[in-house]
Amino acid sequence: MKGLPLNRRTLAFVAVLVVLLALFAYVALRSGPLAPVAVTVATVESRSVAPGVFGIGTVESRYRYRIGPTAAGRVKRLLVDVGDTVAAGQLMGEMDPVDLDDRIRALDAAYRRSEASVREAQLRRDFAQTQAERYEQLLAVRSTSEEIVATKQQERHAADAALLATRAERARAGDERAALVAQRTNLRLVAPADGLVSARDVDPGTTVVAGQTVVEVVDPRSLWLNVRFDQSSTLGLESGLPTTILLRSRRGAPLPGRVARVELRADAVTEETMAKVMFNSILDPMPPIGELAEVTVVLRAATSSPVIPNAAVQRVDGQSGVWQVVRGGLSFTTVTLGASDLDGNVQVQSGLTVGDRIVVYSAKALNARSRITVVDRISGAAP
Amino acid sequence: MISLAGRDIQHEWGKYVFTGIGLGLLIGVTLTMAGVYRGMVDDGRALLDNSGAELWVVQKETLGPYAEPSSLNDDAYRSILAVQGVAQAANVTYLTMQVRSAERDVRAMVVGVATGEAGTPGWPPYLVAGRQITRSHYEAVADVATGFALGDRVRIRRNEYAVVGLTRRMVSSGGDPMVFIPLKDAQEAQFLKDNDAVLQSRRRTSENPAFNRPGVPGLLDAVITSQTRNSFVNAVLVRLRSGYAADNVAASIERWQRLTVYTRPQMEGILIGKLIATSAKQIGMFLVILAIVSAAIVAFIIYTMTLGKIREIAVLKLIGTRNRTIASMIMQQALGLGLIGFAVGKIAASFWAPFFPKYVLLIPQDTIAGFLAVVVICMLASLIAIRAALRVDPADAIGG
């Protein structure tokens, strides 16, 4: 009854069933809640971390001169354009003087007239003086009356006073003219310092109000960055610290710099601290003002202590901690974290000791009952 | 006593096994469909789990931030922190959009997370590679489902972000993978759409005579600055101090901050009861039909298999085999087929589930229920077949 062909069939059937069972068992154990969670494990090391602060800022000029008229008026001419280099005292433009020149000429005439008046008063006074002296001599030889001498003396005094009045009048005319000339000079838009014209807001013919900027001059040697740092990470930020500046236009070329000052006033709304960062060298060509830059400040390195990657830090029941691998199982250890650097290393002040093995990455969220299998890297995640 | 069923299977085991495999694939599809449904619900739960929050504070009278748009001032969290029972409160923004890397773009939910240390509400709770965000700008942690790798530079609106970490199972309720970026950048991304839009809005403002007044030179700049600043977030995620009841703290925040607060069960109700209700029902309906069709096919296969052996059964009856023996043979074969089918189905579902674009969750309860259903269906189907077999006339063995 039990021939060989039947046995072979039985064997084949059993083989198929065994394969099926094996696959089933594999599937049941490798997926679902029974499957172990793939984790990567790291050993806690002791080293120092160099905490860093990262912020973004814009290029600004420390010295920025906004040149415009002190009174409302019309722009007559502009001699410079954006990008021009100007020297201190150089004429950059002029406001329309309207009737100022005519008024100066009128005052010129008035001055000449008062000069003539002064000359006339001088002549009158000289004549009155001569007359008075002559009559005094005649009185000495009793050839004239005392009354006539008194009259001549009074005439001399009057002539003296008239001369003083005309002189004062001449001075007034001169000063008035000087004032107008000063006004006229004030209409000239002059560069207050050496620099570069960075903006020309209006063109000749435009009417501008008092204080409105016509031309802006910046000093390219005084470029710095106004950087904003998140307040939560600014402990230890102080002036003089070295920084790396990455201008948005020069992505691949970080520039060295240093913190010039940390502003005493922070932004309460955006919760940021502001600081000024200087370039170590003058940039040529100059980056445009307002360009965005990323600034990394390296703070003073903290002392050596156990360091873990920040990816290992988890939160369980409201407490920060790490999953520690103890005898193949997991236990959650709460830790107190200290300084951290920008590469994701964070110091542990308490909770862990050097040599402890902790879970860094896991394929899914862990709990104390999770079975784990330690792998080099989690599958599906790029190295 | 020899096993009649075993003998019969041995006789044509290839046919038997292949029928079982065919059946198994059908069962696999049914199990997968159940997994798709479970995956959908789990996506909603994962969204809530991953936020790490116990309370969601949103704009008053909205179902935000997942089911409805919600916006509240980004300094609201300060007054929420002052409420008794609140341990942590963090701003968060959500924005579903296309995230572009070098040559392709991915639909993703961009999450803006507040700066702080790992474990801040809203942060990805665990990583599979890289590190958490340490800079307050231009860094991103992405879900592996986005396909991004560490070091990739991705573009979100106007800025480029470096992918510094990868995580897993961080999805929106719609199953879109998440990309985590610093809050300030996310606020800007929500508001400053692109350079053209910024320019156009600036032009529009400057053409408005109310804002561009020649007598007030600084006004236009001030207006534009205030227009290009976004001080809104979508929600504040709150974690409670131990010993405080979520409902009490929620009531306190609602009453004194005049905002709407959801607890975990309420949020789950919104997500599963409202947001994915229709699509979940759609899948559920399909699952029911598929289950019925599978059951019918299993029954037909067993029935026709029995009918195919009707001659042999007649012979058995002719030689005086008892009805019980014949019945148990048919039932054993049917159950065997069911078992093979179930095993194949489970294996197939487990192997192809990871290749689905959205999450497929095969839970043991479904597997056990599926197993029981298969056994019951096989038994019922074999009963019909047994009835047909017992009614066969032994004379058929010789006749026709």
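Leaving out neighbours within four places in sequence, Val57(B) is in contact with Ile80(B), Ala235(B), Val236(B), Val238(B), Ile253(B), Leu259(B) and Val261(B). The model examined here is a predicted one. Val57(B) and one of those contacts, Val236(B), are the two residues that touch the most other members of the largest nonpolar core, a set of 134 residues. Helix 2 of chain B supplies the largest share of this core, 14 residues.

Chain B contains twelve helices and twelve strands. The radius of gyration of chain B is 31 Å, whereas the globule rule gives 21 Å for 400 residues; the value is well over the rule, so the chain is more spread out than a compact globule. Along its principal axes, the C-alpha trace of chain B spans about 115 × 50 × 40 Å. Of the 400 residues in chain B, 45% are buried. Contacts in chain B also reach across the sequence: among those between residues at least 6 apart, 78% join residues at least 24 apart.

Leu219(B) lies in helix 6 of chain B, which covers residues 219–227. Beyond its neighbours within four places in sequence, Leu219(B) is in contact with Phe211(B) and Arg213(B). Leu219(B) and Gly64(B) are separated by 155 residues in sequence and by 36 Å in space, C-alpha to C-alpha.

The next topic is the meeting of the two chains. Here 43 residues of chain B are in contact with 43 residues of chain A. On the chain B side, the elements that give two or more residues are helix 1 (4–11), helix 2 (13–51), strand 5 (129–130), strand 8 (159–167) and helix 11 (323–352). Helix 11 of chain B gives the most, with six residues. Sorted by class, the side of chain B that touches chain A has 22 nonpolar, 14 polar and seven charged residues.

Chain A, in turn, shows how strands are arranged. Four of its strands form an open sheet in the order 8-7-5-10, with antiparallel pairing. Which strands stand at the edges? Strand 8 (188–190) and strand 10 (207–208) of chain A do; each has a single partner strand, so one side of each is left without a neighbour in the sheet. Elsewhere in the listing of strand pairs, strand 5 (residues 73–78) and strand 7 (residues 91–95) of chain A run antiparallel and are joined by three bridges. Leu78(A) has Gly93(A), in strand 7 of chain A, as its bridge partner.

Three bridges join strand 22 to strand 17 (residues 305–309) of chain A, and the two run antiparallel. Val346(A), in strand 22, stands opposite Ile308(A). Three bridges also join strand 22 to strand 21 (residues 336–340) of chain A, again antiparallel, and Leu337(A) has Val348(A) in strand 22 as its bridge partner. Strands 21 and 22 of chain A form a hairpin with four residues between them, in which Gly344(A) takes a positive phi near 90 degrees.

Note on methods:
Residues numbered from 1 in each chain as written. Chains lettered and ligands numbered in written order. Predicted model: local features only at pLDDT ≥ 70, side-chain atom pairs only at ≥ 80, totals over all residues. Contact = placed C-beta atoms within 7 Å. Nonpolar A, V, L, I, M, F, W, Y, C, P; charged D, E, K, R; others polar. Core = buried A, V, L, I, M, F, W, Y, C linked by C-beta atoms within 7 Å. Buried ≥ 20, exposed ≤ 12 C-beta atoms within 10 Å, placed from the backbone. Rg over C-alpha atoms; globule rule 2.2 N^0.38 Å. Pairing = 2+ DSSP bridges.
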